[in-house]
Amino acid sequence: MKQFFSVLPSTLLLLFAAPAITLASSGDGPSRARLSARSTQPVQVFEDAGRTNLIVGQVAYPRGMAPAAAAVQFVQEFAGVYDVAGKPEFAVLRERPTDEGQVVRVEQRFGGLRVDGSDMAVVVGNDGAVRTASGAPVSLKADFVITPTLDAAAATAAARRATESAVESTTTPELLIATVGLAQPTLAYRMEVKVAEDEIYVTTIDAKTGDVLNRYNRIETAKNRKTYSANNGTSLPGTLKLSETSALGSDAAVNAAHTNSGITYDYYKATFNRDSYNNAGATLISTAHYSSRYNNAYWNGTQMVYGDGDGTTFIALSQALDVVGHELTHAVTERESGLVYQGESGAMNEAMSDIFGAMVEFYGQPSKADWLIGEDVYTPGTSGDALRSMSNPTAYGDPDNYANRYTGTSDNGGVHTNSGIMNKEAYLLAVGGTAYGVTVAGI
């Protein structure tokens, strides 16, 4: 399968990413000097808040070495570039082939525990050279204590207390080293606390104090085929209305959910040879008529769910092809990169769904396609508006540049708002234009 993209074109990196440092003239420490000496082309390091998060170069390893082994060896060999002492341990999560080689996704381990926020994507060429490494390992002291004070039951009780509504269920807590959004790595338990179908809170509990370190709703909202109706209730999946061999019926919302999920499947299959969201033929399950006057659509981890809208803010959300493409792309992102649905990673998650929702629309409805999101179902009484604009995010109050990003806590840390940054980037990549003094030639 061809990957969607690994490293963005240099013009877009200059426009939207942190400044690059050319190691050949940087005069940095021994690790950076050794990296520069080992690369057969000039090395660039990209930083965010003073922390290395992307290395671009060409460091060769023996041609017979497996790509996964080369990826791990690269990160260990140049851990000092990330200000990490010693050789961090890594587990290989998965590999994906590209035309040029392999993308190897690895995640750090410490004492057998998973280190949250440490996953990296390393591109290894067919020639055995590591070309890019995005992400970063976490610096941990050798004496970091991995024995919890609280047991799993106490952590679960703390997570349930943090949830105001009645709790339906919780998953088994995972003991890990949490880092995302924290000032320092912390031993913690993580679990999911289900309140309702559209409220599943990923909750991280300090394994020593029982304090809530982080909590967010992992349901990705938007504003293969078995298609159901919830009959304006909330029991999922509901009553089966259509399957792959069914003829469409008289229910417009059910028909649209079924048809649009099929178009989305066809787009991913024709464009990337991807067989459903998991690339293994998973059934596309959709439910229309969820709840009463429900102004939302979401992917819940196993299926798509669409409300009918209240007739003023939205009409039936399944009738927008870009919304359906958006929701199914959340499923792809969940399987491929697992972008945490909070803060900047959550904004990337949302942007990926907007981008491919738009691409699905250009594929399946080229006469109607545009760079607006949800325009077919949003505010039926007002023509020409939408939830978001990819070509001009600021028209709807969303930033189009990282310097102007939202940094508050609402909307899971601005996952929808800050998606405008990457959305504008994708628009410029496709169509071209000038932004902040940089001109991009569209492809």
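Reader: Which residue caps the N-terminal end of H5?

Author: Helices (H or I, at least four residues) and strands (E, at least two) are DSSP runs, numbered from the N terminus. A polar contact is a pair of N or O atoms within 3.5 Å; within protein, one must be able to donate a hydrogen and the other to accept it, and residues adjacent in sequence count only if both atoms are side-chain atoms. At H5 the cap is Asp251, which places a side-chain oxygen 3.1 Å from the backbone nitrogen of Ala253. Just after H5 comes Asn273, with a positive phi of about 55°.

Reader: What kind of model is this, and how are residues numbered?

Author: This is a predicted model, in which local features need pLDDT of at least 70 and side-chain atom pairs count only at pLDDT 80 or more, while totals for chains, interfaces and linings use all residues. Residues are numbered from 1 along each chain as its sequence is written, and side-chain values use heavy atoms, with hydrogens and water left out.

Reader: How many helices and strands does the protein chain have?

Author: The protein chain has nine helices and 23 strands. The radius of gyration is taken over C-alpha atoms, and the globule rule is 2.2 Å times the number of residues to the power 0.38. For this chain the radius is 23 Å, close to the 22 Å that the rule gives for 443 residues, so the chain is as compact as a globular protein of that length. Its C-alpha atoms fill a box of roughly 70 × 55 × 40 Å along the principal axes.

Reader: What percentage of the 443 residues count as buried?

Author: Buried means under 20% relative accessible area, exposed over 50%, and partly exposed in between (1.4 Å probe, protein chains only). Here 50% of the 443 residues count as buried.

Reader: Which residues touch the most other members of the largest nonpolar core?

Author: In soluble globular proteins, nonpolar side chains tend to be buried together. A nonpolar core is a set of buried Ala, Val, Leu, Ile, Met, Phe, Trp, Tyr and Cys residues joined through side-chain atoms within 4.5 Å. The largest one here has 38 residues, and Tyr277, Tyr306, Leu317, Val323, Phe356 and Met390 touch the most other members. Two or more residues come from each of helix H5 (252-272), strand E18 (297-299), strand E19 (304-307), helix H6 (321-336), helix H7 (343-364) and helix H9 (419-431). Another core, of 26 residues, lies apart from it and includes Val106, Met120, Val124 and Val130.

Reader: How many residues of H9 are buried, and what span should H9 have?

Author: The expected span of a helix is 1.5 Å times one less than its number of residues. The 13 residues of H9 should span 18 Å, and its end C-alpha atoms are 18 Å apart, which agrees. Ten of those 13 residues are buried, so H9 is largely enclosed by the rest of the structure. Among the buried ones are Ile421, Met422 and Tyr427. Just after H9, Gly432 has a positive phi of about 90°. H6 is also mostly covered, with 14 of its 16 residues buried.

Reader: Is Asp206 buried or exposed, and which residues does Asp206 touch?

Author: Contact means heavy atoms within 4.5 Å. Asp206, in strand E12 (residues 199-206), counts as buried at 12% relative accessibility. Leaving out residues up to four places away in sequence, Asp206 touches Leu150, Thr186, Leu187, Ala188, Asp211 and Leu213. The side chain of Asp206 also reaches the backbone nitrogen of Lys208 at 2.8 Å.

Reader: Which side chain does the side chain of Arg105 join in a polar contact?

Author: The partner is Asp119, at 3.1 Å. Arg105 is in strand E5 (residues 101-110) and is buried, at 18% relative accessibility.

Reader: Where is the peptide bond that is cis?

Author: Most residues other than glycine have a negative phi, and most peptide bonds are trans. The bond from Leu236 to Pro237 is cis, with omega near 5°. Pro237 is in the loop between strand E15 (226-229) and strand E16 (239-243). Asn232 lies in the loop between E15 and E16, and its phi is positive, near 65°. Asn232 is partly exposed, with a relative accessible area of 44%.
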